[in-house]
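Welcome! Let's get to know this structure together through a few questions and answers.

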Amino acid sequence: MYEKLARIEKQLFDIELDFLRRSYLATRPQFVERAETIAAEIPGFWPVVVDEAPEEIDRRIQPRDVAVLSSLRAVDVERFEVVDEGRGEPRSLKLTFTFAPNEWLEDERLEKKFWWRASGEGWSGLVSEPIGIRWKDRDLTEGLLGMAVRLWEKERELQPEQASGSAISEEVKSTKEYKELVEKIERTPQDAISLFAFFGFRGHHVSAEETAAMAEKEKEGRGCLDPLKDGDEELRQLPDTEIYPHGEELAIAFADDLYTGATQYFVKAQERDAAISEEELVSDSTSQDGDEESDLPKDDVDAPPKKRKKL
């Protein structure tokens, strides 16, 4: 009985993934057209959308991030492992942020890829590689992002044949880059980290090879690629060198909420601003009426107000 239920659940899971693939391919042309329309006609679209961001994103934005985000001109999300034939992993993402020239960034475009991975211990989710940012002046991450990138480069130097996403070796842990980053993380309050440290997120060290092995086991009925249950806290523990523990949550919020619902967020902001403007007009009108009444002789002030003529 239980095996039959597990088989049915697996079939439902596969159907959901297939729907995600086909939905992405079907809607991609419309999202491209939307991006072209925004670029041509509404240059201030994305700063307004980010200002209306859902809680998962809004709470990660520090006051010092706002000035940079005000120059945001485009956001794009690609499920880059999905091919036209409707095959490939639809949970892998590529986020692209395009900025107008500003006093903070040398880079006009920042891209970050996230690969969906599954480990032999039962974990599954998104992993990534740290992406550096060229700052003109102040580094909003206070050096964290640069240190994460330097550690990544040191790993590639010491472990050139190691599969991407593999666990950090003892040799790497003995390096200056590793020790300095761990110390920096320990000294930095998590609630004070810039949103731009997001580009340094790596996640769990799980390789594509390990994920492929798990997929084979699952086909044979010897493994499971389902997400962790709530009780698997030990497996959820990120490495000591993770500078942005909320990276996976933020990537999914950008892809599945802010990006897909951008037009609704923009319209919501416009409607709110229009309502505020109307309230201010009413308030100004009431204030002016009060000023006029205060200038009248006392007898006129005490007298009943004259009825206004209908327009």
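Q: Which side chain meets that of Glu142 in a salt bridge?
A: This is a predicted model, in which local features need pLDDT of at least 70, side-chain atom pairs count only at pLDDT 80 or more, and totals for chains, interfaces and linings use all residues. Residues are numbered from 1 along each chain as its sequence is written, and side-chain values use heavy atoms, with hydrogens and water left out. A salt bridge here is a side-chain nitrogen of Lys or Arg within 4 Å of a carboxyl oxygen of Asp or Glu. At 3.0 Å, N to O, the side chain that meets Glu142 is that of Arg138.

Q: Is Glu142 buried, partly exposed or exposed?
A: Buried means under 20% relative accessible area, exposed means over 50%, and partly exposed lies in between (1.4 Å probe, protein chains only). Glu142 has a relative accessible area of 42%, so Glu142 is partly exposed.

Q: What is the phi of Glu142, and where is this residue found?
A: Most residues other than glycine have a negative phi. Glu142 is not a glycine, and yet its phi is positive. Helices (H or I, at least four residues) and strands (E, at least two) are DSSP runs, numbered from the N terminus. Glu142 is found in the loop between strand 4 (124-128) and helix 5, and its phi is about 55°.

Q: How many residues apart are Lys154 and Glu157 in helix 5?
A: Side chains of opposite charge can pair when their charged atoms come close. The side chains of Lys154 and Glu157 meet in a salt bridge of 3.5 Å, N to O. Both lie in helix 5 (residues 144-158), about one turn of the helix apart, which is a spacing of three residues.

Q: How many salt bridges does a search of the whole structure find?
A: One of the pairs is Asp273 with Arg272, whose side chains meet at 3.3 Å, N to O. Elsewhere, Asp18, Arg21 and Arg22 are linked in a network of salt bridges. For the whole structure, the search finds 17.

Q: Which helix gives the largest share of the negative patch?
A: A charge patch joins like charges within 9 Å, from residues with over 30% relative accessible area and no salt bridge. On the surface, Asp51, Glu55, Glu56 and Asp58 gather in such a patch of negative charge. Glu56 counts as partly exposed because its relative accessibility is 33%. The largest share of the patch, three residues, comes from helix 3 (residues 55-58).

Q: What distance separates the C-alpha atoms of Val206 and Ser124?
A: Val206 lies in the loop between helix 7 (176-187) and helix 8 (208-219). Val206 is buried, with a relative accessible area of 5%. Along the chain, Val206 and Ser124 are 82 residues apart, while their C-alpha atoms are separated by 9.0 Å.

Q: How far apart in space are Thr263 and Phe45, C-alpha to C-alpha?
A: Thr263 lies in helix 11 (residues 262-294) and is partly exposed, with a relative accessible area of 35%. In sequence, Thr263 and Phe45 are 218 residues apart, but in space the separation is 8.8 Å.

Technical notes: Patch = residues over 30% accessible without salt bridge, like charges linked within 9 Å, V, L, I, M, F, W, Y side chains within 5 Å. Areas by Shrake-Rupley, 256 points an atom, 1.4 Å probe, with all protein chains shown as cover. Lys, Arg positive; Asp, Glu negative; His and termini not counted. Charge placed at Lys NZ, Arg CZ, Asp CG, Glu CD.
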